[in-house]
Amino acid sequence: MAQNMPGDAIHGKEGGYEDAHDPIKPAIFQEENAVGYHAYREALTLEVSDREARKVRWKIDFVILPIFLVTQALQFMDKTALNYANLFSYQTALGLQGLQFNYLSAMVYAGYFFGQYPCGWLIGRFSAQKIMAISILCWGVLVILLTQCRNYSSALAVRFIMGIFEATVTPGLTLMTGFWYTRREIPLRQCIWYSALGWGGILGSYISMGVSKLPTNFSPERWALIFYILGGVTCLWAFIVWFALPDSPLSAWFLTERERLVAIKRVSANETGIKNKSFDKKQIWVAFWDPKAILLFISVFAAAIPNGVVNSFSTIIIQDMGFSTTMTTELKSVGDAVQIVALFIGGTITLNVRNSRLLTATAANLLCTISAALMAYLPRSNTWGRLACFWLVNAQSVGFTVSLTTISSNMAGYTHRSLANALVFTAYCWGNFAGVFVVKQSEAPEYRGATIGLLVGYAIKAGCHLLLLLFMFTVNKRRDRKYGPANKEESDEAGMLDQTEFENKNFRYVL
C-alpha cells in the first residue's frame, strides 16, 4: 500500500483547517468501504492510450448520459405537471381558493427537503441504481394518484410524498456524475443532463398543446390525462433504470474488465474518490463550515426563488400577457429552448477554456439580472419585449449547474461531499418553496413583485459566485506559495482514501 501520502488535517487556517503531511495512511480508512479502491490500486500500473480512454468515455456517454437525461426530464415534468394542468381548469376541478394552488405547487419542495438526506445516505450505502429505480417507480405511481385527488388536502399530501421520492434524482445524479467523469468532463456532461429541464419543458408544452385540442368534455378530464401520461411513462422508466444503470464503473455491464479499470483510473485523477460506504463523522463539521458550501447555499437559495416562479407560473404569466392556451404552450417552449442552448454554450466554454466555470456562470447571472430588470420596468404595452426577457431568464440554469459541478469537482471526502450536496439542495427546496408565493394574482398581468424577486435573486447569486471564485483562487495561490507545485499522484491517492480537500495539501480547485 502506498505510504507517502497526505494525512489528516488539523484545525487551523484554511477554511477552518490547516494542511499537514502525515506519511501514514489514515488509520480510520477501511478499504472495503471505499468503492473502487482495489481497482484503483490495480490500475496504477495500467498503460492507457488516449484512444482507449476516449473509447471508454464514449461508451459511458452512450449509456450513462441518456439515462441521466431522461430521468431528470421525467422528474422535472412530473414535478411541474401542475403548471400544465393549470391550463385546463385544474384549480376549478379541485375547488382551490386563495393561495391553495401556491401551496400545492410548493409542497413538493417540502417533501424534497425531508427526502434528500435519507436518499443521499441510501445512494452512498447501497446500489445507487436500485435506490433510484425504486424512487422513480414510487413517484410515478403518485403522479397517477393525483388523478384521484379531488380536493385540496388529498392533493397536498400526494405532492408532499412525491417530493420525498423525487429527492433522489438531481442530488443523486450530481454525486453520480463524479463516479463516471473527470473534473474536466464534468461541467459539459452535467450541463447536458441538466438540459433535460429544457427538453422536458418542451415535451411537456407539446403534450399540453395536444391535450388542448381535445374537447372540453373529454373523459378523463384533460388535466387528469396529463397526469396519466406522465405517471405511466415514469413507472415504465423505473424498470429501465433498475436493469440498465450501473452503480459505478466497477459494475458497468457495458465495459470489459480492462475498460472498468480504465474508467476507475480516469476518475481517480479527480482527487475526490468515487464513493465511500461508511459515514465519516469528522467530515460532518467540514461540510457545514466549508466556505464553498455556505456561498453555494446562499446563491442557490437566492436563485431558487426565481426558479419557483418560472417553473410553477410560467404558463400563467405568459397567458396573462394576452395569449391563448395553445399559443401559451408554444411560447413557453421557446424559453425551454433558450435554457438548452445556454447550457450547451456554457458547458462547451467550461470544457475548452481553462478555469472558466465561475466566470461563465457570472456572465449568465448578469444576463438574467438584466433580463429581470427589463421585465420589471418595461411598459406593459411592450409585450414581446417583456416576453423575450422572460425567455432569457432561463439562462439561470448555467449558474445552478456550475454550483453542482463545484460540489462534484471541488469537494473531496464522500461524507463531506454528500452533506454539502444536501445542504445546497436544502437551499434549493426552500427557495423554490418561497418562490411560488411572490406570484400574486392581484398583480396580474405585470406581476411586479415576481419580476423584482427575479431581479434580486439573480443579483445575489452573481455576487456569491464572484466571492466563491475569489475564495478558491486565493486558496490555490496560498497552497502554491506554501507547498510548491501539487503532487498529482499523491493527490489522486488521497482522494481514493476519502480525504477532504482540506486534508489533502496537493488539492487545487478548478475555477
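Start by selecting Arg189, together with what Arg189 touches: Arg57, Asp61, Leu65 and Tyr181, leaving out residues up to four places away in sequence. Touching, or contact, means heavy atoms within 4.5 Å. You'll find Arg189 in helix 9, residues 186-194. Helices here are DSSP runs of H or I with at least four residues, numbered from the N terminus. Is Arg189 buried or exposed? Arg189 is buried, with a relative accessible area of 7%. The cut-offs go like this: buried is under 20% relative accessible area, exposed is over 50%, and partly exposed is in between, using a 1.4 Å probe and protein chains only.

A quick word on what you're looking at: this is a predicted model, in which local features need pLDDT of at least 70 and side-chain atom pairs count only at pLDDT 80 or more, while totals for chains, interfaces and linings use all residues. Residues are numbered from 1 along each chain as its sequence is written, and side-chain values use heavy atoms, with hydrogens and water left out.

Next, pick Tyr90. Away from residues up to four places off in sequence, Tyr90 touches Leu82, Ala85, Phe101, Leu104, Ala155, Trp223 and Phe227.

Step back to Ser89. Phi of Ser89 is near 65°, a positive value in a residue other than glycine. Ser89 sits in the loop between helix 3 (81-85) and helix 4 (90-94), and is partly exposed at 46% relative accessible area. Most residues other than glycine have a negative phi, and most peptide bonds are trans.

For another positive phi, jump to Asp498, at about 70°. Asp498 lies in the segment after helix 21 (488-496) and is buried, at 11% relative accessible area.

Which way does the peptide bond from Ser219 to Pro220 go, cis or trans? That bond is cis, with omega near 0°. Pro220 is in the loop between helix 10 (196-212) and helix 11 (222-244).

Now color helix 15 (residues 325-352) and helix 17 (residues 383-392), which pack at an angle of about 40° with axes 8 Å apart. Axes are lines fitted to C-alpha atoms, for helices over the stretch in contact, and angles run from 0 to 180 degrees between N-to-C directions. The pair is therefore oblique; angles under 35 degrees count as roughly parallel, over 145 as roughly antiparallel, 65 to 115 as roughly perpendicular and the rest as oblique. To see the contact, show Leu331, Val334, Gly335 and Val338 of helix 15 with Trp384, Leu387, Trp391 and Leu392 of helix 17.

Zoom in on Gly335, which is buried at 3% relative accessible area. Beyond its neighbours within four places in sequence, Gly335 is in contact with Trp391 and Asn394.

Last stop: helix 8 (residues 169-180) and helix 19 (residues 414-435), whose axes come within 10 Å and cross at roughly 145°. Show Thr170, Pro171, Thr174, Leu175 and Phe179 of helix 8 and Tyr414, Arg417, Ser418, Asn421 and Phe425 of helix 19 to see their contact.

Notes. Helix = DSSP H or I, 4+ residues; strand = E, 2+ residues; numbered from the N terminus.
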